[in-house]
Amino acid sequence: QVQLVESGGGLVQAGGSLRLSCAASSSIFGINDMGWYRQALGKQRELVAGINSGGQTNYVDSVKGRFTISRDNAKNTVYLQMNSLKPEDTAVYYCNADIWTKVWEKGSFWGQGTQVTVSA
């Protein structure tokens with residue numbers, strides 16, 4: 001069973017930085033799109049950043065210039081470097097990936113979520 005295991009959340013002061021990581025936990029055939037979402041208390045989950053298999057990236061406007069998504073295909077891992085953090089970035093962050101679990105089978109998988117809290 002494929003799992004996405006996240007790490008790197010925590011408490012940081014405004015202006016600080018955190019780096020989130022998300023790795024697939026078992027043998028897989030490949031990964032297409034990967035992304036980071038977040039859900040703040042009382043709000044809907046939103047896409048923060050995405051990266052496709054070719055390395056093209058996209059970001060929600062509110063994090064452009066502050067967050068950087070990257071991936072290491074050899075390690076089946078996606079990262080989110082978050083700089084100049086603001087209190088409004090406080091949320092549970094989830095990674096998502098479209099994973100080929102078999103040559104003929106692909107599914108969408110979610111990480112367990114990691115809390116990011118930015119204090120003013």
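Buried means under 20% relative accessible area, and exposed means over 50%. These close-ups come from a predicted model.

**View 1. Aspartate 89 pairs with arginine 38.** Their side chains form a salt bridge, with N and O 3.0 Å apart. Aspartate 89 has 1% relative accessibility, so this residue counts as buried. Arginine 38 is buried too, at 6%. Aspartate 89 sits in the loop between strand E8 (77-82) and strand E9 (91-102), while arginine 38 belongs to strand E4, so the bridge ties together parts 51 residues apart in sequence.

**View 2. Arginine 66 also bridges to aspartate 89.** The closest N and O atoms are 2.8 Å apart. Arginine 66 lies in the loop between strand E6 (57-59) and strand E7 (67-72), and aspartate 89 in the loop between E8 and E9. The two residues are 23 apart, and their pair links distant parts of the chain. With 9% relative accessibility, arginine 66 counts as buried.

**View 3. Four residues join in a salt-bridge network.** The members are Arg38, Glu46, Arg66 and Asp89. The model has five salt bridges in total. Side chains of opposite charge can pair when their charged atoms come close.

**View 4. Lysine 64 meets aspartate 61 in a salt bridge.** The N to O distance is 2.9 Å. Lysine 64 is partly exposed, at 48% relative accessible area. Aspartate 61 reaches 60%, so this residue is exposed.

**View 5. Phe29, Val103 and Trp104 make a nonpolar surface patch.** The patch covers about 430 Å². Phenylalanine 29 lies in the loop between strand E3 (18-24) and strand E4 (30-39). At 57% relative accessibility, phenylalanine 29 is exposed.

Key:
Residues are numbered from 1 along each chain as its sequence is written. This is a predicted model: local features need pLDDT of at least 70, side-chain atom pairs count only at pLDDT 80 or more; totals for chains, interfaces and linings use all residues. Side-chain values use heavy atoms; hydrogens and water are left out. Patches are made of residues with over 30% relative accessible area and no salt bridge: like charges are joined within 9 Å, nonpolar side chains (Val, Leu, Ile, Met, Phe, Trp, Tyr) within 5 Å. Accessible areas come from the Shrake-Rupley method with a 1.4 Å probe; for residues, only the protein chains shown count as cover. Helices (H or I, at least four residues) and strands (E, at least two) are DSSP runs, numbered from the N terminus. Buried means under 20% relative accessible area, exposed over 50%, partly exposed in between (1.4 Å probe, protein chains only).
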